[in-house]
Amino acid sequence: MSEAEFPQCRIVTERFLNPETVEKILNKLVAIEGIRRIVINGPSIPQLVPYGPARGLPNPHSGRARIVVGETDVDLRVQVGTILLELETRDIVPRIDEACREVFVNFTYGLKEGKFMRSTPTQTDYAKYGPGADEMMIGIVDPKNKTGPTLIQGTK
């Protein structure tokens, strides 16, 4: 593993984002050079209704959609409320803030710098990916996820 420390920031919106807004902000973010990793967080939107009288039927939730980020089709499986970013340098934070101001015009958001993703392997990372894990995957493992992460090529 490399010993480099990369700056991180977190975008938190005052409400969950609809798929169109998620698509807009992610497309603006992948166009910014210097962003190493982007992780979207929020409550899961299951494909099937998990409980109640409609248990087992398809979930008609409008937040579960297919969006296009860059040139990649992405199945949105969460209601996005938080976006985590790992940066190559702090110099691009103003450009990230500018992208947020352009997209989030009808509600407020917060942009904070700090440490939000792990940079060293955890037990879960080791169990999921083994000793030779790709450092880009460290700290973003969901052990219950059967499909794996969606990788999007940015400007590199």
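Here is a walk through the structure, from its overall layout to a few side-chain pairs.

This is a predicted model, so a word on the ground rules: local features need pLDDT of at least 70, side-chain atom pairs count only at pLDDT 80 or more, and totals for chains, interfaces and linings use all residues. Residues are numbered from 1 along each chain as its sequence is written, and side-chain values use heavy atoms, with hydrogens and water left out.

Let's start with the layout. The protein has 3 helices and 6 strands; helices (H or I, at least four residues) and strands (E, at least two) are DSSP runs, numbered from the N terminus. Reading from that end, the order of elements is β-α-β-β-β-β-α-β-α. Of the 156 residues in the protein, 33% are buried. Here buried means under 20% relative accessible area, exposed means over 50%, and partly exposed is anything in between, using a 1.4 Å probe and protein chains only. As for how the chain meets itself, take the contacts (heavy atoms within 4.5 Å) between residues at least 6 apart in sequence: 72% of them join residues at least 24 apart.

Now pick out helix α1, which covers residues 19-30. Its 12 residues reach 16 Å from the first C-alpha to the last, close to the 16 Å expected at 1.5 Å a residue; that expected span is 1.5 Å times one less than the number of residues. Which residues of α1 are buried? They are Pro 19, Thr 21, Val 22, Ile 25, Leu 26, Leu 29 and Val 30. Look down the axis of α1 and these buried residues fall within an arc of 155°, so they line one face of the helix. The arc is taken from the directions from the helix axis to the C-beta atoms. What do they pack against? The partners are β1 (8-13), β2 (35-41), β3 (65-69), β4 (72-76), β5 (82-87) and α2 (93-103).

Ala 65 gives you a view of this packing from the strand side. Ala 65 lies in strand β3 and counts as partly exposed at 25% relative accessibility. Setting aside neighbours within four places in sequence, Ala 65 is in contact with Pro 19, Val 74, Asp 75 and Leu 76. Ala 65 and Glu 20 are 45 residues apart in sequence, yet their C-alpha atoms are 9.3 Å apart in space.

On to the charges. Side chains of opposite charge can pair when their charged atoms come close. The structure holds 8 salt bridges, each being a side-chain nitrogen of Lys or Arg within 4 Å of a carboxyl oxygen of Asp or Glu. One of them joins Arg 37 and Glu 86, with the closest N and O atoms 3.1 Å apart. Arg 37 sits in strand β2 and Glu 86 in strand β5, so this pair ties together parts that are 49 residues apart in sequence. Both Arg 37 and Glu 86 are buried.

For a contrast, check Asp 73 and Arg 66, which meet in a salt bridge at 3.9 Å, N to O. Asp 73 is partly exposed at 46% relative accessibility, while Arg 66 is exposed at 53%. Then there's the salt bridge between Arg 90 and Glu 113, at 2.8 Å, N to O. Arg 90 lies in the loop between β5 and α2 and Glu 113 in strand β6 (residues 109-114), so the pair ties together parts 23 residues apart in sequence. Glu 113 itself is partly exposed, at 45%. Some bridges also share partners: Arg 36, Arg 37 and Glu 86 are joined that way into one network.

Arg 36 turns up again beside a ring. Its charged end sits over the ring of Phe 6, 3.7 Å from the ring centre; to count, NZ of Lys or CZ of Arg must be within 6 Å of the centre and within 35 degrees of the ring normal.

Finally, the rings themselves. The whole structure has 2 aromatic pairs. Rings of Phe, Tyr and Trp (its six-membered ring) pair if their centres lie within 6.5 Å, and planes under 30 degrees apart count as stacked, over 60 as edge-to-face and the rest as tilted. Phe 104 and Phe 107 make a tilted pair, 5.3 Å centre to centre with 40° between the planes. Phe 104 is buried at 4% relative accessible area, and Phe 107 is buried at 9%. The rings of Phe 104 and Tyr 109 have centres 5.6 Å apart and planes at 55°, so that pair is tilted. Tyr 109 is partly exposed, at 23%.
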